[in-house]
Amino acid sequence: MLAFPLKFPLFYFFIFSCFGYNSVFCDDNSNIPAIARYFSTKGRYEDVNSYLMEDILAANRSILQLPSAQCHEIHLTAIIRHGTRYPTVKNIKEMHQLYELVQRNASGEESWLREIQTQWRMWYTDDMDGRLVQKGVDDLRHLAVRLSKLFPSLISEQNLRGGLIKFITSSKHRCVNSTLAFKSGLTELWNIQDQEFDHAVNDSLMRFFDRCAKFLQDVDSNPLAVVEVDKFKSGPEMSGVLDKIADRLRVPHSDITYDLAQAAFYLCAYEFAIKTVNSPWCQLFDEHDAEAMEYVHDLKEYWKRGHGYDINSKSSCILFHDVFSRLDRSVLNILDYETVTVQVGHADTLLPLLTLLGFFKDTDALTSTNYATQTQRSFRTSRMLPYAANLLLVLYDCGAGDLRLQPLLNEHSVTFPGLTGQQDSMPLYRDVKERYKDLLQGCDFETECKLFGPSAEG
C-alpha cells in the first residue's frame, strides 16, 4: 500500500485498478481521442511512449548503446515532473462556466452533445485544485520500476537501504506525493516493509522560478512578455476555432471566448489523462483546432519558460550547478556519496533547465505570425512535458579515465546541442563540461536574478 493518504470515491478505485504492476494497459485505441497528441502539458506519458500502452513496465533498453563492454554507470540524476493531477481552481471555474452555458443554451441533435447535456456531470470541485490523482501516483510508481530495470546497479535495493538514493522534492503536495509514489514503487518492487526512506523538501532547487526576482518582474508578472500569445489568441487561426465551437454548440459566437474554448480542450484532456475516457467534449475539436490550441500553449511556454527570454533559462542556474556538482562528486568517488538523485518538481522546473542546456531551440522564434511555418518545430510541449516527464543524466565509467554522460528525456535518447560526432548520445564528460564551460564558470543565480532597475524585457 502507498504510504500517504489520497481521497478518492470508491468508483475511481475500479477505474484505476487496471494500472496494476502486472496488467496490460487497459485502454484501447477506441478510447484514445484523435486529438490526444496535442494536449501539451496535460498529456499522458504513455502517449509519448506508445509501447507502454502494451506493457506499462516495459523498459526501453535500446536507449542503452554503450561504447564498450567496460562501461558501467556510476551515477544517475533524475529530474522528474510530478504525475497526473487535477485541474487548478481557475481551470475548474472556467469548466463550470462552459458547462452551464452548454446546459442552458446549446442545441442540436448530435449524440455527443446529448451525452453532455443528459449524461455527463460536472464532477470537478474547487478542493481538487491541482492535486495528484491516483493515475499520477501510478505514473511515478511505474517510472521507478522501469528505471530500476534500466539501471539495476544504481537503483537497487542495496543502494536504497544504504541511503545512496537521495530524494528531493518541491513543497507542493502533488510533488511530495509523487516523490512518495516513486519510493513506494521501489519498496513494493523489493517488498521492503521494515524501513522508511526520507526525502528533502527544497524549493530553492525545485521551484527556483518563484525566487528569481528578475524573472518574476520582467516575465511572469509582465503582460508585455506574452504579447505573442495574446496576439495569437485574437488572431485569425484562433478566431476560426472559436467560430467552429460556437457553430457545433449552436450558440452565439459572442458567447465563446478563448478561455471557454480552453476549458473545453482541458475537459477533453483531463478526462483522458485521469480516467482514460474519450470524453464527449473532445468532439468540439478537429485536428486542426487541436493544433492551434497546442500552439497557444507552446507560445506561452516558449515566452514564459523557454527560449523567449534569457532570464527564463537563467532562473535555473541554481539547479544547473547542483546537477553538475553531483556529477563531479561522483567522478571523485567520494565515500558514501549518493549514486542516484531523484528530484521531483514541475514542468516549470524542467523546461527552463532544458532551455538552458540548449534543447529544442528552433531556428526561428515562435511568434503569433509564423504558426503556418512552425508545424515541424522541435519546441513541442506535448512531446517534451507530459505528466511525469523526466530528464535523466547518467554518468558512465568506461575505464582508463573514459567518463561519459548520457542524457535521456522521457526514456528516449537525446543529444546535447552542439556535441556531434561519434557516440553523440553518450559524449565524453569532459566534452560536455567544455560545451557548458561558460555556464559552469558563471550562471550565478543571485546575479542573474537580481533586479537592477525597471523591467528590461518584454
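**Figure 1. C175 counts as buried, at 0% relative accessibility.** Buried means under 20% relative accessible area, exposed means over 50%, and partly exposed is in between (1.4 Å probe, protein chains only). This model is predicted: local features need pLDDT of at least 70, side-chain atom pairs count only at pLDDT 80 or more, and totals for chains, interfaces and linings use all residues. Residues are numbered from 1 along each chain as its sequence is written, and side-chain values use heavy atoms, leaving out hydrogens and water.

**Figure 2. A disulfide joins C71 and C398.** A disulfide is a covalent bond between the sulfur atoms of two cysteines. Here it is a pair of cysteine sulfur atoms within 2.5 Å. Helices (H or I, at least four residues) and strands (E, at least two) are DSSP runs, numbered from the N terminus. The structure holds 4 disulfides. In this one, the sulfur atoms of C71 and C398 are 1.9 Å apart. The link is right-handed, with 110° about the S-S bond. C71 sits in the loop between helix 1 and strand 1, and C398 in the loop between strand 5 and strand 6, so the pair ties together parts 327 residues apart in sequence. C71 is buried, at 7% relative accessible area. C398 is buried too, at 9%.

**Figure 3. C212 and C449 form a disulfide.** Their sulfur atoms are 2.1 Å apart. The S-S torsion is about -100°, so this disulfide is left-handed. C212 lies in the loop between helix 7 and helix 8, and C449 in helix 19, so the pair ties together parts 237 residues apart in sequence. C212 is buried, with a relative accessible area of 0%. C449 is buried as well, at 5%.

Figure 4. C317 lies in helix 14 and C443 in the loop between helix 18 and helix 19, so parts 126 residues apart in sequence are tied together. Both C317 and C443 are buried.

**Figure 5. F324 and Y436 form an aromatic pair.** Rings of Phe, Tyr and Trp (its six-membered ring) pair if their centres lie within 6.5 Å; planes under 30 degrees apart count as stacked, over 60 as edge-to-face and the rest as tilted. The whole structure has 22 aromatic pairs. The rings of F324 and Y436 have centres 6.4 Å apart and planes at 55°, so the pair is tilted. F324 lies in helix 14 and Y436 in the loop between helix 17 and helix 18, so parts 112 residues apart in sequence are tied together. F324 is buried, at 4% relative accessible area. Y436 is buried, at 1%.

**Figure 6. Ring pairs link F320, F324, F359, F360, F416 and Y436 into a cluster.** Both F359 and F416 are buried.

**Figure 7. Two charged side chains sit over rings.** The rule is NZ of Lys or CZ of Arg within 6 Å of the ring centre and within 35 degrees of the ring normal. K275 lies over the face of W123, 4.1 Å from the ring centre. The charged end of R305 sits over the ring of F209, 5.1 Å from its centre.
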